[in-house]
Amino acid sequence: MNQLDVLAQHRDELLLAEAIGWLHDWQKCIDMKIASDWSKGKTVDPKKIKQWQERGKFLKPGNFSQCIESIEIRINEHSGNLKTIIETGRVPSKAEKSDKLLEWVLGRSHDSAHIEKELNDNENQAFSTDWLSSPFGWEYSQPDNLLENLLNQTKKGLTSNTRHDLLNALGNVFRKAWGDNRRPINEVMLWDWSSIVAALYKAELARYVLTNQQRSYTGIAWRLLSIRVNGLDYLLGVDGIPDLLARQALLKDSWDRVQTLLEETYPMALEVYRDENGPVFVVPDIKDLLDSSERGGKKLKELIEETFALGCVHEDLNLAIAREVVPYCYLDSTPWQGKAPQDIPPITQHVQRQPVTTTDPVWLQNLWKPHTADICTVCGLRPQGPSGKAAERNVCDICEARRADRSQRWATSETDRTIWIDEVADTNGRFAMIVGSFDLTHWLSGDLVRTLLVKEPNTTNGYYADKVAKNPSFARLRRIWETTRRFWHEVQDATLQALSDDRRRLKIYLDQQPNLGPFHVYDLVVGSTDLSVVWIPPQNGAAGYLLTADNLGYIARQLGAESGIYTSPAKAAGFVKKYLCEQFVKNARQPILRNPDASPSRGYANLLAGMRITKVEYQPNAYATAIPILAEPRSFLMLVPADKSLEVLKQIKAKYECEMGKVRDRLPLHLGCVFAARRTPIRAVLEAGRAMLDREPLLQRWQIKKVDRQPGHVVLQLEHSGCSVQWQIPLKMGDGTTDDLWYPYFFLETNGDDSKADASNRRAVKVLMPQSNGKKVDEWIVHAGDLRIGETIYRWSSTFDFEFLDTTARRFEISYDEHGRRPRRTRPFYLEDLDRLEELWRSMTRLTKTQRHQVIRTIEATREAWYGTDDNGQSTTDEVFKQFVADTLAGAAWPKGQGWNTIPAKWRDELIQAGVRGDLADLAELHLEILKE
C-alpha cells in the first residue's frame, strides 16, 4: 500500500486525534470563569464548581452522542481513552513520563504550542482580569457563560463526519475564551492555543502512520508547507469587477479544496495561515513529503496541483480554474522543533514568497490547437468564443460564463450588494479605490513580539528581553495575523453598513423578448447620458426585464434634476422612473440599447430596434454602494463612492488608533486612495491600487518636541525633516484604571550608549531592533510614559497617499523610492496628517471657491517662476518664499468676521507651512477638482 493510502485508511482515527488537540484544554472554559470571578472578589460556590466540572466532564447532556470516557482511539498498535489522553497530555511534565505514544505526543505538542505561558502558575495573580486583549494591548469585554455556550454549541458527536460542525462550534466559543486571564498574557485565545496543538498533534501522528517510526519526546519536529501563487497578479489582471469577483471565488474554492485534501482526504495537516497568495500548513516532518504517492501513483505535489485546478465559481467544473494558474509548493528544508522561545516557526519565510504567476504551457498549447481566433481580453489565455455572444464581447466562453454567473448572483441572490462601478460612482460620476496594508514582516518573524513585555522591567525582573519580553510562540503569531485580518473584515462590514441607504434599482419591461445575453450589461441611451442596465431573462414564468446597474442620482443629475433630487437616492430613483415613463412609455419613444463591449468592427447596432418599453417598476431591494475586493491580513482593497472616501479613511484611521494605538510605532498602517471617473478602465485603477500596496517599511528617526502627560494617556509631539505629528498613546488597560506596563514602548536612539536609556530610573528594556537590510541591532525600548523632550525615537511610519487618474497613464506616476517618497513633492503624507489636512481645509473654506483657487494658484505659479519645475526642495527652506506665502494668505479676501487674524495662531502657522510645502495645492486638487465640493 502506498503512503497516502495509509493516511486515508486511518482517516477517522487521525481526525479524532485532531479533535483531541482542539479539545485538550477545553477546561479553560471552567477554570478561567472561576478565576475571573475570584479576580473580582466574588465568592465561588463549591457546589457550582462541581456542577460545572461534572457537566464538562461528559460534555453532555444531549450535546455529544458519547461520553468522553467511552471514546477510544487506536492508531496502529497504540490505543487510548480520550479522557485519559487529554488529562495526561495537557500536562507536559506528566506526559513526558508516559509510556503511551498518544499521551506524550499530545504533551509535546502542548509544550511547543504554549511557550507564551511565560508566567508561573501563581505569578501576576494581582493582574487577573475579566477582559480579553488583542495581541497589541487593546482590551475588550468578556462574555459570560463560556461553558454554557460550549455545551450548547457542540451538539454532535466526535466523528469525522461532524468535523466542520465541531470546529464551527468550538470557534464560536474558544475565540471568546481566555488562554489565561492574567495580564498581559490574556491576549492569546483558547482558539489560538487549541488550533496549534491540534495541528502539531495531528501532523506528528500522521508522520507515525506514514513511516511507522516512533520518535522520542524531544525528537519530535514538524515542517511548514505553503501553496502559493501571486494572488494580486491573478485577481487584479482583469477588465471588469464581475471578472475580478469571479476570480476571487475561483481562488477561494481552489484553496478550500486543497485544504480539504490535506486536512481530511489525506489527514496530515492543518492550515495555520492564509492570505491572498495562499495558505500555510503544519505538516509531518518528512523531507520528501511532496513525493509521497497514492495508489494511482500520483505524488502529493501533483495531487495538490490537480485539486487546486478543480476550483470553480460553482460546481460546474467547466468553469474551473484549470491550469490558468499553477501553484508553487514550498516545503521547509529543515524541521522546526519548537523547543525554546528562540525556535520560531518560519512563517514569515513562507509569507514573503510571491511566485510569478505561471500557466501550464502544455495545457495552453492544447487549448489553441484547433483555434485561430483572437485571444480573450479577460484571461489573456484562451481563444475568443466560440459562441457568438462571447466573441461579440471579445472574450472566451469560459470567462463569459464566469462573468454571467457572477452577474446572475447579483441579480437574484445578492441584491443587497453591487458588482458594478456605475452603481458605486457618486453623483459626479466618480469612485475611489481604498487601499490599505499592514507591514507584518517583523511581527511574523517574532522580532517585534519581543518588544511586548510580560513583566515590568526593574531591578528584580531585569532590563533584557530574555527576562521580561514575550515569546513569539506559534499561537501568538497566529493571533497576530488573525487580528489584522479581522480588522480589515470589520472595516469592510462597517463600510458596507455605512454605505447602505434607501436607493433602489428600476426594472424596465419590453413588449418583446430581445436577443440579449442573460445577465449581460448594456447601455440604454437616456437623454444625454447612458444608463447601465442588465438583461434579466424570463424565469419561473415571469417576464424578463432590464435592471438598472447605475447610480440613479448621477443619471438624474445628467438629466437636469436639482440638487435636492439627485442627492436623495429615493427622489433620484423617482425622477429617473418618471423620465423613463414619460419618454418611452407615454410618448412611445424608440429605446436605443448598445453593447458597450462590442468592437467597432461589429458596429454599435441598436439591440432593441422595433421594440418598446411598456412598464417601469421599482425593485424593492436596497443595496450598499461599495464593492469589497480584498480583506487579508496584510492587504485591503475596496471600492467606494468618491464623495464618501474621506469619511471611510477617517473611520479606518480611528479604528487603527483605538485598537493598535499602543504599537503604532511598530505596526505601520499604509492607506491610499485612487480616484477615477466611472468609465475609467478598471484595470488601470487596479494597477494604481497595486502600486500603492508596494511600499517598503520605512524606519525613521523622530525627535520628541513635547511630552504632555495626561490621565490615562500621554501626548507626544514628534518632528522629522520639518514634519510634525502628534500622537496620543493610551497608558491604561481596558478597565481604565490598570497601568499598562507591557505594550506602549518606543525604540530610543542611544547610539550604543546604554546610559541614555537611564534604565534604573524608568521602564526600559534592551532588545534587538530589526533593520530594513535584514540585520538586527541592540537598542533600548522605553515606556511611552517615561519619554523625555529632546530624545530621538525610531518608528515605522504610517502613511496616506492619493491619486486621481484623470488619464490612465497617471497610474505610472505611483512609485516609491528608498525613502518612501514619490516624485510628487508632498506625497505620501503621514497618516496623522489626515486630521491636520482636514482642519486646514476647514479654515480655507472660509474663502470663496474662486478665492481659494486664486490664492493657491498664485503660490504655485510663484514657486515655479522662482525655482522652476524641477524644484528640489529649495522653496520649502527659503524664508523669502515663506514670507510671500504668508503675505498671500493674509491678503486674501477673507469674509467679514472670519478674517485671517481670527484663525488661531497655531493654524495660521500651519496654513503658511502647508502653502510652502505644497499641501494646499494637494488639498485644492482633492476637494475642488476630484471631489468637486
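Predicted model: local features only at pLDDT ≥ 70, side-chain atom pairs only at ≥ 80, totals over all residues.
1. The crossing of α30 with α31 is right-handed.

2. The residues that form this contact may be located next. On the α30 side they are F881, K882, V885, A886 and L889, and on the α31 side they are L911, I912, Q913, G915 and V916. Sorted by class, the contact of α30 with α31 holds seven nonpolar residues, two polar residues and one charged residue.

3. Helix α32 spans residues 919-930, and its axis comes within 11 Å of the axis of α27, with a crossing angle of roughly 80 degrees. The two helices are therefore roughly perpendicular, because the range for that description is 65 to 115 degrees.

4. Which residues of α27 meet α32? They are R836, L837, L840, W841 and M844, and their partners in α32 are D919, L920, L923, A924, H927 and L928. This contact of α27 with α32 comprises eight nonpolar residues, one polar residue and two charged residues.

5. Helix α27 itself, residues 833-844, can be checked for length. Its twelve residues reach 16 Å from the first C-alpha to the last, close to the 16 Å expected at 1.5 Å a residue. The buried residues in α27 are D833, L834, R836, L837, L840, W841, S843 and M844. R836, L837, L840, W841 and M844 are buried and also take part in the contact with α32.

6. Within α9, the buried residues are R163, L166, L167, A169, L170, G171, V173 and F174.

7. The bond from R183 to P184 is cis, with omega near 5 degrees, and P184 lies in the loop between α9 and α10. The bond from R827 to P828 is also cis, with omega near 0 degrees; P828 is situated in the loop between β26 and β27.

8. Two residues have a positive phi although neither is a glycine. For S721, phi is about 50 degrees, and the residue is placed in the loop between β20 and β21. For K932, phi is about 55 degrees, and the residue belongs to the segment after α32.

9. K932, at 42%, counts as partly exposed.

10. The last point concerns A390, which is located in helix α16, residues 388-392. Its relative accessibility is 0%, so A390 counts as buried, the limit being under 20%. Leaving aside residues up to four places away in sequence, A390 touches G385, V395, C396, D397 and E400. A390 and C376 are 14 residues apart in sequence, and their C-alpha atoms are 9.3 Å apart in space.

Notes:
Residues numbered from 1 in each chain as written. Heavy atoms only, no water. Left-handed = near helix turned anticlockwise from the far one by under 90°. Helix = DSSP H or I, 4+ residues; strand = E, 2+ residues; numbered from the N terminus. Contact = heavy atoms within 4.5 Å. Nonpolar A, V, L, I, M, F, W, Y, C, P; charged D, E, K, R; others polar. Buried < 20%, exposed > 50% of the residue type's maximum accessible area, 1.4 Å probe, protein only. Expected span 1.5 Å × (residues − 1). Axes fitted to C-alpha atoms, helices over the stretch in contact; angles between N-to-C directions. Parallel < 35°, antiparallel > 145°, perpendicular 65-115°, else oblique.
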